[in-house]
Amino acid sequence: MRWKQFFTPAKSMNSAEAKQLLQDHELTDVQILDVRQPAEYHAGHIAGAILIPLPRLSDSYDLLAKDKPLLVY
Amino acid sequence: MATQQLAGNGFTNAINLSGGFKAWTGQSAFDGEEDGLELFTDLSKPTDVLIMAYSLEEGLQDFYNSMVSRAESEEVIKVFTHLAAIEDLHKDRLFKEYTRITGSDDKEKFLAKMQKQMLEGGLTTEEYLARFGTDLERVDEVIGMAMSIEGQALDLYSRAAQRAEDADNKTTLEKIAAEEKTHLERLGELMDSILGENDG
């Protein structure tokens, strides 16, 4: 348990801002993370999004680049 | 919550999409709501819409065919072959509709007007590959890409149908939209089956 997480402010973007972010970056320079369940992901997701269901997230940090923008939903 | 968790673990550029996926207005695609539709709204004549649609179908068919030649899984080959064949039916239907409206069955002239480089979603193949960063060696990524394109196509036809003033033209676009929906479902099933295999 990392308590720090409760005090770390996280940036937030609405849909339009997020789209702008994606348009301003090459896909290799931005990450999109889908933390929902596989069934939800399969029913529809933002193109290019990586699926890491929330229960697996804390074990999957290695799959993500820490320095690149990471859009999470 | 996930974003805060990530931010607390060194992901300094983690950004929460407020409202989550439900707030996302583009259907399984990067493009804004109006992207792609411009192809149709800029074209005031139903015949131009049909020509554009035909080129989009051909683009997607090319994509499927090229994937068939690269794929190793029999299941993927079977599904993509099927999807490529259906695009032939769509193309025939679009040309018949063009003939009905114009009274001309000069296919050469029709094809000459076609823009081959366009894919169904309204972007070129190169733009698509670059935009999606698709790893063509990965079956699930290829299917995911196909789903994104079909999703765009479905959206495109649906909205073009809504704006069509000619009743028969509207019906044609609606029928194709319905079939794109079936494509999407079929690709989803393929994805589930592939992922199921991979997950053991």
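1. A word on terms before we start: helices (H or I, at least four residues) and strands (E, at least two) are DSSP runs, numbered from the N terminus. With that in hand, chain B reads α-β-α-α-α-α-α-α-α-α along its sequence, which gives 9 helices and 1 strand. Chain A follows the pattern α-β-α-β-α-β-α-β, with 4 helices and 4 strands.

2. Some ground rules for reading on. This is a predicted model, in which local features need pLDDT of at least 70, side-chain atom pairs count only at pLDDT 80 or more, and totals for chains, interfaces and linings use all residues. Residues are numbered from 1 along each chain as its sequence is written, chains are lettered from A and ligands numbered from 1 in the order in which they are written, and side-chain values use heavy atoms, with hydrogens and water left out.

3. Now the two chains in outline. Buried means under 20% relative accessible area, exposed over 50%, and partly exposed in between (1.4 Å probe, protein chains only). In chain A, 47% of the 73 residues count as buried; in chain B, 50% of the 200 residues do. Accessible areas come from the Shrake-Rupley method with a 1.4 Å probe, and for residues only the protein chains shown count as cover. Chain A exposes about 4200 Å², with carbon and sulfur atoms supplying 55% of it, and chain B about 9500 Å², with 48% belonging to carbon and sulfur atoms.

4. Contacts along the sequence are worth a look too. Contact means heavy atoms within 4.5 Å. Taking contacts between residues at least 6 apart in sequence, 43% of those in chain A join residues at least 24 apart. For chain B, residues 24 or more positions apart account for 72% of the contacts with a separation of 6 or more.

5. Two strands pair if DSSP finds at least two bridges between them. Where the chains meet, β1(A) and β1(B) pair in the parallel sense over 3 bridges, and Lys11(A) has Ile15(B) as its bridge partner in β1(B).

6. Which residues of β2(A) are buried on its two faces? Gln31(A) and Leu33(A) are buried on one side, and Ile32(A) and Asp34(A) on the other. As background, side chains in a regular strand alternate between the two faces of the sheet. The strand β2(A) runs parallel to β4(A), joined by 3 bridges, with Leu70(A) in β4(A) as the bridge partner of Gln31(A). It takes 2 bridges to join β2(A) to β3(A), also parallel, and there Leu33(A) has Ile50(A) as its bridge partner.

7. Next, helix α2 (residues 15-24) of chain A, where Ser15(A), Ala18(A), Lys19(A), Leu21(A) and Leu22(A) are buried. These residues sit on the same side of α2(A) because they cover an arc of only 155 degrees around the axis (the arc is that of the directions from the helix axis to the C-beta atoms). Ala16(A) and Asp24(A), on the other side, are exposed. The buried residues pack against β1 (11-13), β2 (31-34) and β4 (70-72) of chain A, together with β1 (14-17) and α2 (20-23) of chain B. At the N-terminal end of α2(A), Asn14(A) forms a cap, with a side-chain oxygen 3.1 Å from the backbone nitrogen of Ala16(A).

8. His90(B), in helix α5 (residues 74-102), is buried at a relative accessible area of 0%. Beyond residues up to four places away in sequence, His90(B) touches Glu57(B), Ile176(B), Glu179(B), Glu180(B) and His183(B). Ala84(B) also lies in α5 of chain B and counts as buried at 3% relative accessibility. Ala84(B) and Tyr64(B) are 20 residues apart in sequence and 5.6 Å apart in space, C-alpha to C-alpha. Glu58(B), in helix α4 (residues 46-70), is buried with a relative accessible area of 14%.

How values were computed. Polar contact = N/O pair within 3.5 Å; in protein donor to acceptor, adjacent residues only side chain to side chain.
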